[in-house]
Amino acid sequence: MSPVRSTAPLLRTVPRLSVDPHQVHLWVIGTEWAGDHPEHMVTGELDDRERERAAAFVRPLDRLTYLMAHIALRRLLSAYAGIPPAELPLGRDTCPCCGGPHGRPVLRGTGLHFSLSHSHGIALISIAEAPLGVDVQRVPTLETVELCLPELHPAEQRELRALPDAEQPLAFGRLWTRKEAYFKGLGTGLGRELNSDYLGERNGPDAPARPRGWRVENMPSCPAHVAAVAIAAPAGTAGPDILARRLPTECLYTDDATERIAAERQVCPTWE
């Protein structure tokens, strides 16, 4: 996210949504619900960098997924923060790996934490009062598994190699999204070595412990995708509850979607 450079005071209204300290709000939206006409989406609230990135996509589905995800993110954060979508003070934390200005995305001046992920027609947006990360990926091929397997934690490699070939792509996809969500929560992204942390299925009594102070788990999804959420949680606790909702697709096309988003109560246990 590019930081907002305007020095004008932010216009604020009363936020229409709030997240309980003991919850994570996970919003799901897909291109199959959003239609195939990105030219009708409200893109005027995106910044120049977002519009440039959208225009750079060659495949129409990739462009549509990107636009859908970033418009939805701004609309959601506006509903939680009470700040117009185009005026959101988005920026980046310092990177824990190198100290550069490209760490975890942040919404400055608020107590909100958020994470965005999108892949092949699906976008996930998570919002909470604690650092968190979310990741969604299409289930990989066995060739991808074989290519990436040597980079994983040794215990994760053993778990995956013990599975039949037919089961490895889904198991690897679930593991990969747990890792990506956790790394996003830390703010390192894939700048952190893949073998640094164990995020396997904890099979057997000799399995290493997962990272302390984090709840990392997969979420139900449609058959073609896998997804995971990571949320900072005090050691020894179960961590916040995760509430998943389907984001109304009309919020991509109307001038003001805050009321419609705030009224949405449809719990989304799966994305089928």
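## Lining of the largest pocket

Strand E4 gives the largest share of the lining of the largest pocket, six residues. The model is a predicted one. In total, 31 residues line this pocket. Helices H2, H3 and H6 and strands E4 and E6 (132-138) are the elements that contribute two or more residues to the lining.

The residues nearest the centre of the pocket are Arg-53, Arg-92, Leu-116, His-118 and Lys-184. The space in the pocket comes to about 750 Å³. Rolling a probe the size of a water molecule over the atoms shows where such empty space is left.

## Overall make-up

The protein has seven helices and nine strands. Its chain holds 272 residues, and 50% of them count as buried. Take the contacts between residues at least 6 apart in sequence: 64% of these join residues at least 24 apart.

In soluble globular proteins, nonpolar side chains tend to be buried together. The largest nonpolar core in this model has 36 residues, and Ile-127 and Ile-261 have the most contacts inside it. Strand E1 (23-30), helix H3 (60-81), strands E4 and E5 and helix H7 (258-263) each supply at least two residues of this core. Helix H3 provides the largest share, 13 residues.

Which residues does Ile-127 touch, not counting those up to four places away in sequence? They are Val-19, Val-24, His-25, Leu-76, Leu-77, Tyr-80, Leu-112, His-113, Phe-114 and Leu-132.

## Helix H5

Helix H5 covers residues 154-161. Its buried residues are Ala-155, Glu-156, Gln-157, Glu-159 and Leu-160. These buried residues pack against helix H6 (168-186).

An α-helix has 3.6 residues a turn, so residues three or four places apart point the same way. Among the buried residues of H5 are Ala-155 and Glu-159, and also Glu-156 and Leu-160.

## A buried glutamate

Is Glu-45 buried or exposed? Glu-45 counts as buried because its relative accessible area is 14%, and the limit for buried is under 20%. Glu-45 sits in the loop between helix H1 (31-34) and helix H2 (48-56).

The side chain of Glu-45 makes a polar contact with the side chain of Arg-75, at 2.8 Å. Leaving aside neighbours within four places in sequence, the residues in contact with Glu-45 are Arg-74, Arg-75, Pro-85, Ala-86 and Asp-255.

## A loop histidine

His-120 is in the loop between strand E4 (113-119) and strand E5 (122-128). Phi of His-120 is near 50°, a positive value in a residue other than glycine. The relative accessibility of His-120 is 29%, so this residue counts as partly exposed.

## Cysteines

How many disulfides does the structure hold? The count is zero. Cys-148 is buried, with a relative accessible area of 17%. Cys-251 is also buried, and its relative accessibility is 0%.

Conventions: Residues numbered from 1 in each chain as written. Predicted model: local features only at pLDDT ≥ 70, side-chain atom pairs only at ≥ 80, totals over all residues. Heavy atoms only, no water. Buried < 20%, exposed > 50% of the residue type's maximum accessible area, 1.4 Å probe, protein only. Helix = DSSP H or I, 4+ residues; strand = E, 2+ residues; numbered from the N terminus. Contact = heavy atoms within 4.5 Å. Polar contact = N/O pair within 3.5 Å; in protein donor to acceptor, adjacent residues only side chain to side chain. Disulfide = S-S within 2.5 Å. Core = buried A, V, L, I, M, F, W, Y, C linked by side-chain atoms within 4.5 Å. 1 Å grid on protein atoms, 1.4 Å probe; cavity = no way out; pocket = protein on both sides within 12 Å on 5 of 7 lines; lining within 4 Å. Points joined across faces, edges and corners; volume = space filled by probe spheres on them.
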